[in-house]
Amino acid sequence: MNLDHLYQEVILDHYKHPENKQLSIDKDVQVHHVNPSCGDEITLNLSLNNGVIANVSWDGEGCSISMASASVMSGLLQGKSPEEATQILESFMELMQSKGTSKGDEALLEDAVAFAGVSKYPARIKCALLGWMAYKDAFLQIQGKSK
Amino acid sequence: MTLNVIEIRKDFPILQKTVRGGKQLVYLDSGATSQKPNQVIEAESNFYRLHNAAAHRGAHQLAEEATDAFEGARRSVASFLVAQEEEIIFTKSATESINLLAYSMGNAPEGNRFAIKPGDRIVVSEMEHHANLIPWQELAKRTGAELSWFSIDDEGRLDLSKIEQIIDTKTKVVAVTHQSNVLGTINPLRSITTRAHEVGAVVVLDACQSAPHLPLNVAELDVDFLAFSGHKALGPTGIGVLWGRAELLDELPPFLFGGSMIETVTMTDSTWAKAPRKFEAGVPNMAQAVGLQAGLEYLQRIGLSKIHDHEMLLTERLINGLSAIEDVQIFGPKTLNSRGGVISFSVSGIHPHDLGQFLDNQGIAVRTGHHCAWPLNKALGVQSTTRASFYLYNLESEIDVLLEEIGSAQRYFGTKK
């Protein structure tokens with residue numbers, strides 16, 4: 001097994017230099033998610049403005065996969081409409097469940113395709129999804145508030 | 001006298017296995033579960049092959065054989081702990097053993113010595129596995145009792161300096177671990193049991209990490225209840241043990257109700273069988289009990305003192321090796337006295353998950369995470385650690401492989417050139 005399939009350069013770069021890893025004051029909602037099997041955690045602030053995702057910022061502690069994935073996710077979703085974000089999220093989840101058979105839709109997922117290798121390691125899929133699930137939860141909370 | 005590990009390893013078929021594309025398996029996760037020798041695998045499957053029937057039910061030959069096999073396993077556990085046969089209760093796990101105790105105590109009516117009321121106290125420690133913390137947390141909530149605990153000091157040992165305040169006169173239960181599953185610390189029980197008994201409390205010992213690795217004698221330990229799991233002691237999963245002093249089991253009300261645990265039953269009322277049957281409702285895990293017997297007999301044949309000595313050799317080698325690597329921090333005692341073969345550590349700049357993944361890729365199985373001891377991790381100021389834990393089948397060369405690959409991981413993740 002070649003570990004480089006899992007630890008892509010992009011992932012290690014994001015781990016060492018994460019994007020948006022500072023909670024912004026500007027937020028509509030804040031969520032806190034924990035991976036109970038390992039203790040990794042993330043706090044995520046989300047704000048929508050004029051029908052687009054205005055700001056995704058986060059802070060957390062965890063392994064390279066969970067932190068890099070949160071970093072990539074935060075950059076990717078910024079400025080997208082909620083519909084686009086949902087499409088990206090679903091595509092990423094599909095990639096995570098692909099058991100190594102998919103390379104991922106690069107046009108949609110951009111840097112997030114680097115996580116394709118994670119899908120071969122069932123124990124790490126939750127790591128990669130930690131930030132994404134936090135986003136999903138935050139978005140649903142905003143939706144709930146506006147109803 | 002050292003163990004003949006090469007010979008021992010021949011009994012464990014899984015240790016011959018290669019993983020992750022041809023790497024020789026280096027299994028350093030026996031603290032989570034031990035591997036099984038052929039003797040255990042055979043004993044468990046032979047029960048199904050030759051003797052299977054519902055124990056304690058029916059008068060046919062197979063029912064007799066199943067009963068004999070199951071009760072033989074009980075005798076074997078009793079001899080392992082130097083206890084009485086009727087003091088051995090089979091459960092499905094140590095977790096169930098401790099929950100059984102906590103729920104039974106919660107069922108105790110007023111006047112029963114186990115009855116817990118508001119204002120009473122239950123004492124645990126900060127180094128408990130969740131299985132010996134949450135059942136007591138919940139019992140405290142259900143009864144209105146207060147939960148109190150011992151902290152740990154900088155070396156990862158229990159801080160007993162305030163023992164008289166912590167185990168106060170209102171204390172009913174003191175539940176502590178014999179050996180920490182994270183730190184390896186073996187706790188000094190004498191001062192705890194002495195103080196607990198002085199105030200009339202019972203002492204519950206979580207022996208999951210000690211029973212498989214140390215010779216135990218319940219009378220010498222001076223505890224009142226003891227729990228351990230079969231699968232960490234070469235046995236199958238699905239079998240755990242609860243030992244309790246006979247006179248205490250007499251007074252303790254049952255927790256699970258149903259078949260086998262009764263004396264008489266009418267449509268409106270029932271009376272209970274004597275212990276241990278009172279606590280063993282339902283058809284028990286017979287094949288697993290028989291498998292555990294084979295595991296414990298295997299351990300006794302090798303000798304638990306020799307096993308512990310061997311594990312301490314490995315522990316010393318790993319502690320020395322880790323201490324020589326820059327950027328490695330060991331959690332728990334760095335000396336060999338009163339500790340077992342469990343070592344948790346962290347390598348700076350590499351998250352335990354990533355280190356574990358790297359090591360796994362080299363065939364090395366270690367545990368990473370909070371090890372089901374979240375409050376202890378908080379006390380240590382870390383979110384998670386990497387843990388290596390040993391058993392009788394581990395080789396010194398496996399420690400060397402681990403140390404070498406930690407260095408490789410540091411280079412891979414760019415924390416060291």
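Entry 1, A:Lys103. I looked up the contacts of A:Lys103 and found that A:Lys103 touches A:Val113 and A:Ala116, leaving aside residues up to four places away in sequence; two residues are in contact if their C-beta atoms, placed from the backbone, lie within 7 Å. The model is predicted: local features need pLDDT of at least 70, side-chain atom pairs count only at pLDDT 80 or more, and totals for chains, interfaces and linings use all residues. Residues are numbered from 1 along each chain as its sequence is written, and chains are lettered from A and ligands numbered from 1 in the order in which they are written.

I placed A:Lys103 in the loop between α3 (82–96) and α4 (106–109) of chain A; helices are DSSP runs (H or I, at least four residues), numbered from the N terminus. I noted that A:Lys103 is exposed because 11 other C-beta atoms lie within 10 Å (exposed means 12 or fewer, buried 20 or more, partly exposed in between). From A:Lys103 to A:Gly117 I read 8.4 Å, C-alpha to C-alpha, at 14 residues apart in sequence.

Entry 2, helix pair in chain B. I found α3 (residues 61–81) and α10 (residues 286–302) of chain B packed at about 35°, with axes 9 Å apart; axes are lines fitted to C-alpha atoms over the stretch in contact, and angles run from 0 to 180 degrees between N-to-C directions. Among the contact residues I listed B:Phe70 and B:Phe80 of α3(B), and B:Leu292 and B:Leu296 of α10(B).

I recorded 11 residues from chain A and 14 residues from chain B in the contact.
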